[in-house]
Amino acid sequence: MHYTGCRMLFLCIMVCALSIPAVTAHYDFEGIPLEVVAQGEIHGDIVTYGLYGLSNPPLTVTFTLNATPSYARTFCGVWGGNEMYTGWAEIAVNGHAAERIALGGKGDVGEEVYVSGHGVHWIAREITPLLARGENTITITTSRGVQGNRLDGRIYAAGVVAAVEDRTRPLTRYVIAEGNENLHGEGWAGTLQTRKDSASVAFGGVPDRVDEARLTVVLLATNQGQPDYVVFNGHDAGVAGDIGDERSFNAEGGAGIPTRYTDAETFDVTAYLGGDNLLTFERGRDTDGDGSISTTGSDPEGEDYIHPVFAALVLRPRNGIAAPDISLRDLTVSGAYAGETARLSVRIDNRGTRPSAMTVTWSVDGAPVATDRLTPAASGVQTATAQWPAVEGVHEIGVRVDAPGDRNAGDNALSRTITVGSLPDIVVSVGAPVRSGDAPAPTASPLPLTAALAAMGIGALAAGRSKRSIAAFIMVALVLAACTIAPACAAGSLAGYTLPVTISNTGGSDAAPFSVSVFIDGEKATVIPFDDGLAAGGVQRLDIPIQAAEGTHTIRVVASIPRGEKDQNPADNIREGEYAFL
């Protein structure tokens, strides 16, 4: 484990000398996308202290803060051994009673734990009230060595990220994202030979003039000698192709420090800022053009697997003026059936300073129906909710948030039109697989153009009627295009197909958000989110790219309706059958 320190203008990184997701977390073999969990502006610094490199527990991180933080999160990565093993981790901060967090592997449902692949756990939680000015300690232990425990329990990384105010320092803006992506080739996907070559997260727009911007990332399960890439707005970050090389803080030059199976890196991305500031992790590249990403031999092209879990963008606006900066996204309506009580929710983002208060006003067809005064969250991310007795017909649901001193009140309102009537009825239908080309090599990374376009189509459909930025659509498309479904079979016997799936809502009310899962020969292959649900009478066609051996496979497609939601006929949420792949 190595614990070293360096201070870069406004981002403090400390890592020391021994070798060693907001998002509702859960288990997903293919990975849990990174999403923004904290953001804001302060006069001061964003500091990160950590221990990096696989090591036995317990681990204690000791660090000094110049002031009580306005916001702080602790994090740690734990190796489970495989996805079936379960156990626990305990986090103790500054002598407060340790809190035990269950690590459920494949069955994990904890909100603070992100689990993917073959048992890689990422744990993150807010600890703002537990830290203070001066010396602080965080101790993390696991169930490793406990009688009857099977969890491996070694720790990849442990640390804290904190926003520390100092009125003598310039204005600093920060955006923190976390998750647990699993980028991998077919040989590491178990019985269902999927692959996933890249994953992305958008940080959103930034001020026009920025003096400096730095990006920090943490990668788990890294391997020295297998190239991987960090790309910011289309530009390679760092000076070397192998970012995840089991040496931290060397991606911009220098020797760095050895950190076994773990990498923490920082990059200067000032020159690359623009648009929605899209960060992409790539497990490798097909540099020789043979249609595959090799991971062996004298000149490997990529990693067998790698887990991006943390990313933070920290910048200094030029001549920045501190102010709240409220915006809204993800307006959802659920349970909106005639004669029942609908639940309304919206995500509130504050990319500026914390306001003294916020007022949320909900309206239906232009008339206010609920008003609430909220305490602004220290994280800059929170959800507002309301209820409304649903009335049959077509209605416009609106929400507005007002905060004193808001920098831009023009993005403080959202609305959407809904239909209320009889219960929704989601119907799944599956067509015959369509062959899309000759058989690719089993470890191929880029999809054929037709499959990539099909994935883009899925991304567009999943976006539905949302008013989110175009970056959200691009990210869905990139993730789907990077993950191809391929049942296990002999090397060289795969062919490319698209599986036509149609999702319809034949009921009288809009369906609340749900997801569609595809299983091949009993193994879950992919999950497609319908984050905006599906309008009454709506029909969406998904052309899902698949690699499969010729022959017959059992296909099962399930529309998963969330608990608490209703559907006229749950039996037609599922389609299963034998399908010929010709």
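This is a predicted model: local features need pLDDT of at least 70, side-chain atom pairs count only at pLDDT 80 or more; totals for chains, interfaces and linings use all residues.
Q: How many helices and strands?
A: The protein has two helices and 40 strands. Helices (H or I, at least four residues) and strands (E, at least two) are DSSP runs, numbered from the N terminus.

Q: And what share of the residues is buried?
A: 58% of the 582 residues count as buried. Buried means under 20% relative accessible area, exposed means over 50%, and partly exposed is in between (1.4 Å probe, protein chains only).

Q: What about the accessible surface?
A: About 22200 Å², with 51% of that belonging to carbon and sulfur atoms. The areas come from the Shrake-Rupley method with a 1.4 Å probe; for residues, only the protein chains shown count as cover.

Q: Switching to rings. How many aromatic pairs are there?
A: Six in the whole structure. Rings of Phe, Tyr and Trp (its six-membered ring) pair if their centres lie within 6.5 Å; planes under 30 degrees apart count as stacked, over 60 as edge-to-face and the rest as tilted.

Q: How do Phe75 and Phe310 sit?
A: Their planes are at 35° and their ring centres 5.7 Å apart, so the pair is tilted. Phe75 is in strand E6 (residues 71-79) and Phe310 in strand E24 (residues 305-317), so the pair ties together parts 235 residues apart in sequence.

Q: Are those two buried or exposed?
A: Both Phe75 and Phe310 are buried. Ring pairs also link Phe75, Trp122 and Phe310 into a cluster.

Q: What geometry does the pair Tyr497 and Phe581 have?
A: Edge-to-face, with 85° between the planes and 5.0 Å centre to centre. Tyr497 belongs to strand E35 (residues 494-505) and Phe581 to strand E40 (residues 574-581), so this pair ties together parts 84 residues apart in sequence. Tyr497 and Phe581 are buried.

Q: Which charged ends sit over rings?
A: The charged end of Arg100 is over the ring of Trp88, 3.7 Å from its centre. The charged end of Arg556 is over the ring of Phe519, 5.7 Å from its centre. The test is NZ of Lys or CZ of Arg within 6 Å of the ring centre and within 35 degrees of the ring normal.

Q: Back to strands. Why call E10 largely enclosed?
A: Strand E10 (residues 120-126) has six of its seven residues buried, so the rest of the structure largely encloses it.

Q: What does E10 pair with?
A: Its partners include E6, antiparallel over seven bridges, and strand E9 (residues 113-116), antiparallel over four bridges. Strands pair if DSSP finds at least two bridges between them. Trp79 has Val120 in E10 as bridge partner, and Val115 has His121 in E10.

Q: Which peptide bond is cis?
A: The one from Pro57 to Pro58, with omega near 0°. Pro58 is in the loop between strand E4 (31-55) and strand E5 (59-65).

Q: Last one. Where is Asn350, and what does its side chain reach?
A: Asn350 is in strand E26 (residues 341-350). Its side chain reaches the backbone oxygen of Thr353 at 2.9 Å. At 7% relative accessibility, Asn350 is buried.

Technical notes: Residues are numbered from 1 along each chain as its sequence is written. Side-chain values use heavy atoms; hydrogens and water are left out. A polar contact is a pair of N or O atoms within 3.5 Å; within protein, one must be able to donate a hydrogen and the other to accept it, and residues adjacent in sequence count only if both atoms are side-chain atoms.
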